Amino acid sequence: MVRAGSVITIEAPAKINLTLEVLGKRPDGYHALRSIVMPVTLTDTLFLTTTYSQVAMTLTVGPGVDLSKIGAMDRNLAVRAARLMQSRYRINAGARIHIHKRIPIGGGLGGGSADAAGVIRGLDRLWGLDRPCGELMALGAELGSDVPALVHGGAVLMEGRGELVRGLFEGEAPVACEGFWLVIANPGVMCPTPDVFKKWRAGLTAGPLILHNMASSIRTSDVSAAADALYNGLQGGVFESYPSVAQTAAQLQQAGCLGVLLSGSGASVFGLARDEAHGQEISRKLGSGFWHVLVRTCPVV
Ligand code: C5P
């Protein structure tokens with residue numbers, strides 16, 4: 001029995017891709033990927049309330065979020081996630097979704113996917129469904145390629161078009177990763193994901209070492225090794241098409257980041273810092289010309 005008025009608050013973290021290998025184009029038009037994804041401490045806050053039948057959504061935004069980039073509420077991934085949960089589990093109740101957005105929109109940080117993943121996890125609890133994580137991830141895959149990784153949470157290896165997700169260290173001894181400090185910056189342009197993938201050209205893919213090197217740097221919390229192992233097969237094309245993204249990356253590098261990379265299909269870039277103090281120093285040097293934030297990666301599991 002779902003009781004109207006029950007409330008739940010969820011912190012939905014953004015993600016970065018520490019590696020993103022594009023392995024080829026698939027017959028269904030998507031691209032086969034292999035990517036190490038980690039959530040970070042930049043979050044959207046979701047307030048979910050059970051209502052009698054409708055799904056409705058409201059928004060407030062933090063600095064760096066351009067409200068004009070948000071499309072119609074009705075097509076929002078968070079609303080679609082709630083409706084999918086309603087129909088799949090034959091729930092008569094509805095949900096009021098209020099989101100305080102801090103994750104830039106269209107920024108390669110999985111903001112929309114984070115909200116959808118938060119709604120799926122939140123409604124699973126609020127509506128007392130208690131479904132297995134794998135089932136919720138499969139539901140998420142129906143909404144977008146980044147959703148399953150964020151429903152899973154922690155450091156993951158993402159494959160297929162994004163729907164094949166497993167914990168990066170699944171089956172291994174517990175990993176005591178301390179996490180990395182990083183500065184995320186966004187120049188305020190939109191890099192539409194379909195356009196970025198369309199411009200990708202084969203021949204620039206990486207080898208098995210990319211995955212191995214990054215996984216072992218995370219395992220040992222070795223930020224210098226992680227900086228050397230950063231890889232994104234979409235980066236060259238994005239830097240070419242969107243010079244302001246390349247410029248922002250160069251500024252992060254000049255400010256002293258150990259390594260800089262495009263996140264996902266952009267437009268956000270991030271730079272690794274030695275520690276929190278180094279991250280603060282980098283942030284100070286960047287000034288206020290564009291949006292940036294100092295964050296840490298979330299725990300591995
Ligand atoms: O799945 P999602 O809606 O996030 O993907 C947006 C677009 O990005 C797809 O329509 C497709 O053009 C491109 N894409 C791709 N290969 C992937 C993921 C996304 O080509 N693995």
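**Around the ligand**

In this predicted model, the side chain of His-31 brings an N or O atom to 2.8 Å from an oxygen atom of the ligand. That pair falls within the 3.5 Å limit for a polar contact. Ser-145 also uses its side chain: one of its N or O atoms is 2.6 Å from a ligand oxygen. Arg-161 uses its backbone instead. A backbone N or O atom of Arg-161 lies 2.9 Å from a nitrogen atom of the ligand. How much of the ligand does the protein bury? Alone, the ligand exposes 450 Å², and the protein buries 73% of that.

Now look at the site as a whole. The ligand sits in the largest pocket. The residues around the ligand are Gly-29, Tyr-30, His-31, Leu-33, Gly-144, Ser-145, Arg-161, Thr-193, Pro-194 and Phe-197. Sorted by class, this shell has five polar residues, four nonpolar residues and one charged residue.

Which elements supply at least two residues of the shell? Strand E2, spanning 31-51, and helix H5, spanning 193-198, each do. Helix H5 gives the most, with three residues.

Next, step back to the domains. Domain 1 covers 7-167 and domain 2 covers 181-296. Both give residues to the shell, so the ligand lies between them.

Two backbone features deserve a look as well. Most residues other than glycine have a negative phi, and most peptide bonds are trans. Asp-130 is not a glycine, yet its phi is positive, at about 55 degrees. Where does Asp-130 lie? Trace the chain from helix H2 (111-126) to helix H3 (133-141): Asp-130 is in the loop between these two helices.

The other feature is a peptide bond. Gly-266 and Ala-267 are joined by a cis peptide bond, with omega at about 10 degrees. Ala-267 is found in a loop too, this one between strand E9 (260-262) and strand E10 (269-273).

Note on methods. Residues are numbered from 1 along each chain as its sequence is written. This is a predicted model: local features need pLDDT of at least 70, side-chain atom pairs count only at pLDDT 80 or more; totals for chains, interfaces and linings use all residues. Side-chain values use heavy atoms; hydrogens and water are left out. A residue is near a molecule or strand if one of its heavy atoms lies within 4 Å of it. A polar contact is a pair of N or O atoms within 3.5 Å; within protein, one must be able to donate a hydrogen and the other to accept it, and residues adjacent in sequence count only if both atoms are side-chain atoms. Accessible areas come from the Shrake-Rupley method with a 1.4 Å probe; for residues, only the protein chains shown count as cover. On a 1 Å grid over the protein atoms alone, a cavity is a set of points where a 1.4 Å probe fits but cannot get out, and a pocket is an open set with protein on both sides within 12 Å along at least five of seven lines; lining residues have an atom within 4 Å of a point. A molecule sits in a cavity or pocket if more than half of its atoms lie within 2 Å of its grid points. Helices (H or I, at least four residues) and strands (E, at least two) are DSSP runs, numbered from the N terminus. Ala, Val, Leu, Ile, Met, Phe, Trp, Tyr, Cys and Pro count as nonpolar, Asp, Glu, Lys and Arg as charged, and the others, Gly among them, as polar. Domain bounds come from an automatic or database domain assignment.
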